[in-house]
Amino acid sequence: MSAAPSLHRRLLGFMLLPVIAALSPVIALPVITRNAGSAGWGSAIAGENIGTFTAIAIGWGWTTIGPALISLAADDDHRARLYRESLTIRLLISVVALPALVVICWLIAAPGAELFTVLMGIQGALISLSFTWFSAGIGDPRTIVVLDAIPRLLANFAAAGLVLVTGVVVFYPLAGILVTVVSTAIFTVRLLRRHPGPWPRPRELPALFRSTLPVALNDAGLSGYSSVPAPVVNVTASPEASAGYASSDKLLKLGQFIPMTLANALQSWIGEAHGSHRGRRMGIALVLATGIGALGWAGLAFVGPWFTEFYFGADAAAPFDVLLATGLVFFFFSVRTIVARLILFPAGQAGAVMRTTLIATAIGIPLMIGLALAWGPVGAAIGYAFTEGAATVLLSRRCFRVLRDLRHAPAEAPA
């Protein structure tokens, strides 16, 4: 009787987040694309993708498996210890990863768009330092809304106004960087003051790095192939074609908030159940993800061409064939996110997910580059869809095995 209201409250709270996240770019991105030009817009999205890959490296698996670890932690002091450990690892990696990101973004940028591209990359990379995964683990969407989502919305309002008045597009990534740094600092100070404790010692660091290594490698594989198409298109296609692909990629990334937020909303709801009850909840999550994926595919393919022309401008409109393939990427991403984060990770199969992802990545990256060189942006999108689909299909057998085993397990928590 109590599970359903709990689920409804969590879904309502967490589903508010992508709505707010969607409002932010609605305000800012049309202004950005029209002031950056085709070459600048294509370079900016390429830099953002490099930033996403860097964020995965900095996150070292914590943003993926962290919510599950937090939801299963014994008490608040244990959760604070996990947060301190994760923050230590992420800051250490940042010292090496961020300078490398600056160099790569500068090299792939179109002439004149170097600083904009670098800042877009840094904005994407710093997301890995955010606290939002911790709040997802304890089922607390309110803190995310108050400290992150609403400030990000207001910052985008301000950035859009500044870009509109001055024409200086770097205000947009600077606003995102400021929100991430300030909101994370506030959350961290509040949490660690309430639950003080020792920071990890140097001799403990190797074990901490190893503890989330399988998930980090899995995330690196996923981000590796998802971050490849936009930079490849940016350096091989015309500025106009690159801008169109950048628009389709941006729509995809915005849409991916929905399955990711669904996973966050259901994380603690699934974690609190046991045995066959947990299996049923996992099945519900999988059905929801499949439906969301199908709707997203249809929306991108049939509404996307008109919307990108209206939203980003005629010079950055995405063609139907690219959006059709991008919609297929979204479908597979939606399903795979739930399979990995809510079914296989809690079942202790992070290693299997990692191996599957690396196999798909090893096949997919050369395929995407080859198809992009042969067919342009649509080739890159088809290669991306194939890679995402291969990862999802390879994980499906293990997913259904876990659900089958849970169907016959006791519903009570183990003594």
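Arg 341 is found in helix H15, which spans residues 320-344, in what is a predicted model. With a relative accessible area of 11%, Arg 341 falls under the 20% cut-off and is therefore classed as buried. Neighbours within four places in sequence being left aside, the residues in contact with Arg 341 are Thr 63, Thr 64, Pro 67, Met 260, Ala 263, Asn 264, Gln 267 and Pro 346.

Helix H13 (residues 275-302) packs with helix H17 (residues 377-407) at an angle of about 145°, and their axes lie 7 Å apart. The crossing of these two helices, H13 and H17, is left-handed. On the H13 side, the contact is made by Gly 275, Ser 276, Arg 278, Gly 279, Met 282, Gly 283 and Leu 286; H17 contributes Cys 399, Phe 400, Leu 403, Leu 406 and Arg 407. By residue class, the contact of H13 with H17 comprises 6 nonpolar, 4 polar and 2 charged residues.

The second largest pocket has a volume of about 190 Å³. Its lining consists of Asp 76, Arg 79, Phe 134, Ser 135, Ile 138, Asp 140, Thr 143, Phe 187, Arg 190, Leu 191, Arg 194 and His 195. At least two residues of this lining are supplied by each of helix H3 (76-108), helix H5 (132-137) and helix H7 (171-194). The largest share, 4 residues, comes from H7. Of the residues lining the second largest pocket, 5 are charged, 4 nonpolar and 3 polar.

How values were computed
Residues numbered from 1 in each chain as written. Predicted model: local features only at pLDDT ≥ 70, side-chain atom pairs only at ≥ 80, totals over all residues. Heavy atoms only, no water. 1 Å grid on protein atoms, 1.4 Å probe; cavity = no way out; pocket = protein on both sides within 12 Å on 5 of 7 lines; lining within 4 Å. Points joined across faces, edges and corners; volume = space filled by probe spheres on them. Nonpolar A, V, L, I, M, F, W, Y, C, P; charged D, E, K, R; others polar. Axes fitted to C-alpha atoms, helices over the stretch in contact; angles between N-to-C directions. Left-handed = near helix turned anticlockwise from the far one by under 90°. Contact = heavy atoms within 4.5 Å. Buried < 20%, exposed > 50% of the residue type's maximum accessible area, 1.4 Å probe, protein only.
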